[in-house]
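This report describes the geometry and packing of selected helices. The sequence and the structure are shown first.

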Amino acid sequence: MEIIDLEKTFLDKIKEEIKIEPKDWMPVQYRKTLIRQISQHAHSEIVGMLPEANWITRAPSLKRKAILIAKVQDEGGHGLYLYSAAETLNISRQEMIDLLHQGKAKYSSIFNYPTLSWADMGAIGWLVDGAAIMNQVPLCRCSFGPYSRAMIRICKEESFHQRQGFDILWTLSRGSEAQKQMAQDSINRWWWPSIMMFGPNDDASPHTKQSMDWKIKRFSNDELRQKFIDVCAEQVKLLGLSLPDKKLKWNEQRKHYDFGEIDWQEFWNVVNGNGPCNKERLAARVKAHEEGAWVREAAMAFAEKRASPNPSKGGEIVAA
């Protein structure tokens, strides 16, 4: 079959909402776009474990500790689903990890900010996971099957994370004056980085149009950002707190909230590796990978032992 016929079949599937599967023909750029996006998403889940793990031992109660441990474990699982989805595109997990460690692959800029108080666990849950959900729910309808199916489970778990974060802020906002101020300070620090999570404005986003044409994305960066702001502007009222934007105001004509200018210089500075915790986060991932080499080697040896057709060479037989 000629390339022109293959491309027509591909585009017809996109138009008719038929999932593209790993063995289907796809344009080279479609594959590259998916690898870039899915691997970046996977890296973000794994690196995103670090700022929260920082507070596991300092959680204010056993209940909060157990919930936070479960959440961090969920994030590790999300990374696993996503690396697995990306591997169906003929790239190895090791190759993706090497690109991350070499600084050639990106992860979400939000994880390059420090967690300074327990309230940050609330702000991350409500704002960061909330922004993630806004981004990721449309990905459940992504045209690439493995990514779409992974996102369905991930979004279900992220919804719990968002509720957990809001619950932390809700509790603090109804505590002492010091606790309420802690919650407000956390929102002040995480608000602007959270709305930067949607990426640059549409006119500065080189991948958005093509991704939407291929139905990898369903909404543009600015559309998703506006939806997120509209939701948070109402939810923060329930907390009795405020968002740190003096220009935030309901626009009756647009039926949306107007908001202030984003500091794009800060955004690009963090994206390019110069944020408060960029070097710390990457160093932590490289260290964990190197120190965990023996675990991977042991797991591989055990797998080979179980698969050995000759028990005398592979040691004792292990029941499946």
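Axes are lines fitted to C-alpha atoms, for helices over the stretch in contact, and the angle between two N-to-C directions runs from 0 to 180 degrees. The model considered here is predicted.

Helix α4 comprises residues 62-87, and its axis comes within 10 Å of that of α7, the two crossing at roughly 160°. Because angles over 145 degrees count as roughly antiparallel, α4 is roughly antiparallel to α7. The crossing of these two helices is left-handed.

## Crossing of α4 and α6

The axes of α4 and α6 come within 12 Å and cross at roughly 40°. This crossing, too, is left-handed.

Contacts between the two helices involve Leu68, Lys71 and Glu75 on the α4 side, and Met121, Ile124, Gly125 and Asp129 on the α6 side.

Helix α8 covers residues 177-196. At 1.5 Å a residue, its 20 residues should span 28 Å, and the end C-alpha atoms lie 30 Å apart, which agrees.

At Trp190, α8 bends by about 35°, and a proline, Pro193, follows within four residues.

Key:
Residues numbered from 1 in each chain as written. Predicted model: local features only at pLDDT ≥ 70, side-chain atom pairs only at ≥ 80, totals over all residues. Heavy atoms only, no water. Expected span 1.5 Å × (residues − 1). Bend = angle between axes of the 7 residues up to and from the residue. Parallel < 35°, antiparallel > 145°, perpendicular 65-115°, else oblique. Left-handed = near helix turned anticlockwise from the far one by under 90°. Contact = heavy atoms within 4.5 Å.
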